[in-house]
Amino acid sequence: MDVRVLTACRWQGMSAEVQGLRLQPEAKLRYLKKIEKIGNVDPYDNKETWSRENPEDLPPLTFPDIFSYLVCGVSAYTANQFRNYKSMEAHVQFTNGWVQDLEVLKPPQCDFVVIRTKVMHSQRLNEPPLKPWVIVSIAGRVECAHCTCMAGVAETCTHVAALLFKVEATVRIRGTKTVTDEPAYWVLPGT
Ligand SMILES: [Zn+2]
């Protein structure tokens, strides 16, 4: 089947949210390609059950993983490195509390998780928040991202970066917990 027809067919099944973004054909194709990694789940859909604010569900994302993605990552459109040093400043958005709750989904039999959130506009607080999502391997490597902002198609906007910084900080705090903080650590011996 012709790739354009195939894309159009698959696009019909996407959420109203992503259809409302009015992406260009090339961006639609790229979007569909990205979500193949997570069993074709559309991160803007609410059909699946997302886990909220459970740090145990987050992959072990570290600061070097964020740098590798935002600066050394390669654009699927231009084949050039992102080199988005500016987005590395987005931790300000995270520390100012503009990043809302993290929601995590790990499709069954999948080596990737998808994490989504909402980020408030930094200048226009009364506007609807932006909605970035990222796909991260269970080992913590950032694979790809998307956002509803004007620059979101480029996959390295400040909202994506702010989401990544929140994940990194949450994982880091999780790592400082001692084993006695873990309720599951106290397992009764079998009888
Ligand atoms: Zn954005």
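Hi everyone, and thanks for coming. One thing before we start: what you see is a predicted model.

Let's begin with the helices. Two packed helices are described by the angle between their axes and the distance between the axes. Take helix 4, residues 63-70, and helix 6, residues 158-175: their axes come within 9 Å and cross at roughly 165°. That angle is over 145°, the cut-off for this class, so helix 4 is roughly antiparallel to helix 6. The crossing of the two is right-handed. If you want to find the contact on your screen, look on helix 4 for Phe63, Ile66 and Leu70, and on helix 6 for Ala161, Leu164, Phe165 and Glu168. Sorted by class, this contact of helix 4 with helix 6 has 6 nonpolar residues, no polar ones and 1 charged residue.

Now for the other pair. Helix 1, residues 3-12, and helix 3 have axes that come within 10 Å and cross at roughly 65°. How do helix 1 and helix 3 lie to each other, then? The class from 65 to 115 degrees is the one that applies, and helix 1 and helix 3 are therefore roughly perpendicular. Here the crossing is left-handed. On the helix 1 side we have Arg4, Thr7, Arg10 and Trp11, and they meet Pro25, Lys28, Leu29 and Leu32 of helix 3. The class count for helix 1 with helix 3 is 4 nonpolar, 1 polar and 3 charged.

Let's turn to the core. The largest nonpolar core holds 39 residues, and the ones that touch the most other members are Ile115, Val134, Ala162, Leu163 and Leu164. Who supplies this core with at least two residues each? The helices on that list are helix 3 (25-35), helix 4 and helix 6, and the strands are strand 2 (103-105), strand 3 (112-116), strand 4 (133-137) and strand 5 (142-146). Helix 6 gives the most, with 7 residues. Beyond its neighbours within four places in sequence, Leu164 is in contact with Leu61, Ile66, Val134 and Val142.

On to the loops, where I picked out several residues. My first stop is Leu58, in the loop between strand 1 (51-52) and helix 4. Is Leu58 buried or exposed? Leu58 counts as buried, because it has 21 C-beta neighbours inside 10 Å. Leaving out residues within four places in sequence, its contacts are Val104, Val167, Thr170 and Val171. For a sense of distance, Leu58 and Arg124 are 66 residues apart in sequence and 30 Å apart in space, C-alpha to C-alpha.

Next comes Asp101, in the loop between helix 5 and strand 2. Asp101 counts as exposed, because it has 11 C-beta neighbours inside 10 Å. Not counting residues up to four places away in sequence, Asp101 touches Arg52, Glu53 and Thr117.

Met150 is exposed, with 9 other C-beta atoms within 10 Å.

I'd like to finish with backbone angles. Most residues other than glycine have a negative phi. Glu155 sits in the loop between strand 5 and helix 6, and it counts as buried, because it has 24 C-beta neighbours inside 10 Å. Arg83 also has a positive phi, near 50°. You will find Arg83 in the loop between helix 4 and helix 5 (91-95). With 13 C-beta neighbours inside 10 Å, Arg83 counts as partly exposed.

Conventions: Residues numbered from 1 in each chain as written. Predicted model: local features only at pLDDT ≥ 70, side-chain atom pairs only at ≥ 80, totals over all residues. Axes fitted to C-alpha atoms, helices over the stretch in contact; angles between N-to-C directions. Helix = DSSP H or I, 4+ residues; strand = E, 2+ residues; numbered from the N terminus. Parallel < 35°, antiparallel > 145°, perpendicular 65-115°, else oblique. Left-handed = near helix turned anticlockwise from the far one by under 90°. Contact = placed C-beta atoms within 7 Å. Nonpolar A, V, L, I, M, F, W, Y, C, P; charged D, E, K, R; others polar. Core = buried A, V, L, I, M, F, W, Y, C linked by C-beta atoms within 7 Å. Buried ≥ 20, exposed ≤ 12 C-beta atoms within 10 Å, placed from the backbone.
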